[in-house]
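Colleague: Could you take me through this model? I would like to begin with one residue and then move to the whole chain.

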Amino acid sequence: MRLDIIGDIHGCFAEFKELTLKLDYSWKKGFPVHPSGRKLAFVGDLTDRGPESFAVIDAVYNLAANNMGYYVPGNHCNKLYRFFLGNKVQITHGLETTVAEYEQMASQKQQEVRQKFMELYENAPLYRVLDNNKLVIAHAGIKESYIGKHSSKVKTFVLYGDITGEKNPDGTPVRRDWAKEYEGEALIVYGHTPLKEVRRINNTYNIDTGAVFGNKLTALRYPEMQLLSVQSRMPYVEEKFRKI
Ligand SMILES: [Mn+2]
């Protein structure tokens with residue numbers, strides 16, 4: 001199994017396209033295709049804050065529909081899904097950007113993109129166990145004891161990380177450093193917490209390098225374990241980057 005796993009895109013479609021070209025994919029019929037049949041995988045958080053959330057959804061939908069990509073949802077995907085269900089959600093933390101893009105569309109186009117996203121989301125597992133249990137892709141990571149389980153606890157963990165329910169002084173949720181304690185044999189590839197550089201610890205890789213906060217969008221080539229990035233076109237927002 002040969003994969004290129006992409007970090008949190010958050011509507012940065014231009015950077016995503018550039019990264020796939022750097023990985024030798026070419027775009028045919030609205031999605032990237034690799035000449036030797038490599039597949040793409042996504043750690044979730046396709047949308048919000050960036051300028052082209054629906055272009056990202058469209059490409060990932062096409063990949064998934066053609067069995068050429070693996071997608072797992074992030075917390076932002078979960079919130080957009082609940083918005084499309086008609087649930088009351090706060091249009092904040094970047095969702096306002098996606099909703100604004102959506103509201104600019106004609107109603108027929110709205111129906112089409114809503115349908116595509118909901119189908120993509122509904123067909124996605126909470127996390128992916130791949131390559132004979134050697135690789136797990138989960139948005140905010142996963143504890144070893146949760147692999148294979150699908151309770152609401154596991155859902156909260158893979159979407160939001162190891163949260164305690166408490167808040168930091170800046171209002172962000174307190175997250176425990178599960179990766180530091182991870183002792184499993186499966187490689188865990190995740191995103192969710194933007195970092196200036198990829199963090200590799202105990203067989204885990206956080207590949208969210210803050211594309212939407214002006215840093216870079218990163219791919220991890222599996223099984224080669226080679227990292228490739230492209231520079232973000234967004235303004236740099238220093239305070240969004242975690243120190244761990
Ligand atoms: Mn996230």
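This is a predicted model: local features need pLDDT of at least 70, side-chain atom pairs count only at pLDDT 80 or more; totals for chains, interfaces and linings use all residues.

Colleague: Where is glutamate 238 found?

Modeller: Glutamate 238 sits in the segment after β14. Strands (E, at least two residues) and helices (H or I, at least four) are DSSP runs, numbered from the N terminus. With a relative accessible area of 36%, glutamate 238 is partly exposed. On that scale, buried means under 20% relative accessible area, exposed over 50%, and partly exposed in between, using a 1.4 Å probe and protein chains only.

Colleague: How far apart in space are glutamate 238 and serine 53?

Modeller: They are 22 Å apart, C-alpha to C-alpha, and 185 residues apart in sequence.

Colleague: Now the whole chain. How many helices and strands does the protein chain have?

Modeller: There are seven helices and 14 strands in the protein chain. Its radius of gyration is 17 Å, close to the 18 Å that the globule rule gives for 244 residues, so the chain is as compact as a globular protein of that length. The radius is taken over C-alpha atoms, and the rule is 2.2 Å times the number of residues to the power 0.38.

Colleague: What percentage of the residues is buried?

Modeller: Buried residues account for 52% of the 244 residues. Among contacts between residues at least 6 apart in sequence, 60% join residues at least 24 apart.

Colleague: Take threonine 20: is it buried or exposed?

Modeller: Threonine 20 is buried, at a relative accessible area of 0%. It lies in helix α1, residues 13-22. Apart from neighbours within four places in sequence, threonine 20 is in contact with Tyr25, Trp27, Pro32 and Leu40.

Colleague: How many disulfides does the structure hold?

Modeller: The structure holds zero disulfides, a disulfide being a pair of cysteine sulfur atoms within 2.5 Å.

Colleague: On to the backbone. Which peptide bond is cis?

Modeller: The bond from tyrosine 222 to proline 223 is cis, with omega near 10°. Proline 223 belongs to the loop between β13 (216-222) and β14 (226-231).

Colleague: And what is phi of arginine 49?

Modeller: Phi of arginine 49 is near 80°, a positive value in a residue other than glycine. Arginine 49 is in the loop between β4 (39-42) and α2 (53-65), and counts as partly exposed at 24% relative accessibility.

Colleague: What about phi of asparagine 202?

Modeller: Asparagine 202 has a positive phi, near 50°, and is a residue other than glycine. Its loop lies between β11 (199-201) and β12 (204-206). Asparagine 202 is partly exposed, with a relative accessible area of 37%.

How values were computed:
Residues are numbered from 1 along each chain as its sequence is written. Side-chain values use heavy atoms; hydrogens and water are left out. Contact means heavy atoms within 4.5 Å.
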